[in-house]
Amino acid sequence: MVSAASAWEISIKQAMGKLAAPDDLERQVNEGRFTPLPISIAHGVAAGQLPRHHDNPFDRMLIAQAFAEGLTVITHDKRFADYDLPTLPT
């Protein structure tokens with residue numbers, strides 16, 4: 001799955017010149033056979049209620065979505081471990 005939060009963050013960083021990413025990210029996600037994960041109201045509420053271990057709003061959303069959907073997060077960010085969330089290191 002690929003969260004809408006990831007696409008949002010990638011797009012912002014790309015526009016700022018801080019990240020090289022494909023201009024057709026949505027098509028790339030679909031061609032890669034990933035399932036898009038939209039952000040729901042419940043995800044937003046859960047992200048706001050998380051302990052303040054991590055202040056990055058995109059990462060907090062990924063954490064909330066992973067808990068809600070029973071997912072493992074692929075990340076190199078060691079702060080995700082503070083949430084006792086299944087992760088797969090990169």
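## The nonpolar core

In this predicted model, the largest nonpolar core has 12 residues: Ala5, Ala47, Leu50, Met61, Leu62, Ile63, Ala64, Ala66, Val73, Phe80, Tyr83 and Leu85. A nonpolar core is a set of buried Ala, Val, Leu, Ile, Met, Phe, Trp, Tyr and Cys residues joined through side-chain atoms within 4.5 Å. Buried means under 20% relative accessible area, exposed means over 50%, and partly exposed lies in between (1.4 Å probe, protein chains only). Helix H4 (residues 57-69) gives the largest share of this core, five residues. Helices (H or I, at least four residues) are DSSP runs, numbered from the N terminus.

Phe80 belongs to this core. Leaving aside residues up to four places away in sequence, Phe80 touches His54, Asp59, Ile63, Val73, Thr75, Leu85 and Thr87, where contact means heavy atoms within 4.5 Å.

## Salt bridges

Side chains of opposite charge can pair when their charged atoms come close. A salt bridge is counted when a side-chain nitrogen of Lys or Arg is within 4 Å of a carboxyl oxygen of Asp or Glu, and the count by this rule is five.

Within helix H1, Lys13 and Glu9 stand four residues apart, about one turn of the helix, and their side chains form a salt bridge (3.3 Å, N to O). Lys13 counts as partly exposed because its relative accessibility is 35%, while Glu9 is buried at 15%. Another bridge joins Arg79 and Asp77 (3.2 Å, N to O). Here Asp77 is buried because its relative accessible area is 16%, and Arg79, at 42%, is partly exposed.

Arg52 and Asp55 also meet in a salt bridge (2.8 Å, N to O), and both of these residues are exposed.

## A nonpolar surface patch

Trp8, Ile12, Met16 and Ile39 make a nonpolar surface patch of about 390 Å². Patches consist of residues with over 30% relative accessible area and no salt bridge, with nonpolar side chains (Val, Leu, Ile, Met, Phe, Trp, Tyr) joined within 5 Å and like charges within 9 Å. Accessible areas come from the Shrake-Rupley method with a 1.4 Å probe, and for residues only the protein chains shown count as cover. Trp8 is placed in helix H1 (residues 4-15).

## Basis of the values

Residues are numbered from 1 along each chain as its sequence is written, and side-chain values use heavy atoms, leaving out hydrogens and water. As the model is predicted, local features need pLDDT of at least 70 and side-chain atom pairs count only at pLDDT 80 or more, whereas totals for chains, interfaces and linings use all residues.

Terms used:
Helix = DSSP H or I, 4+ residues; strand = E, 2+ residues; numbered from the N terminus.
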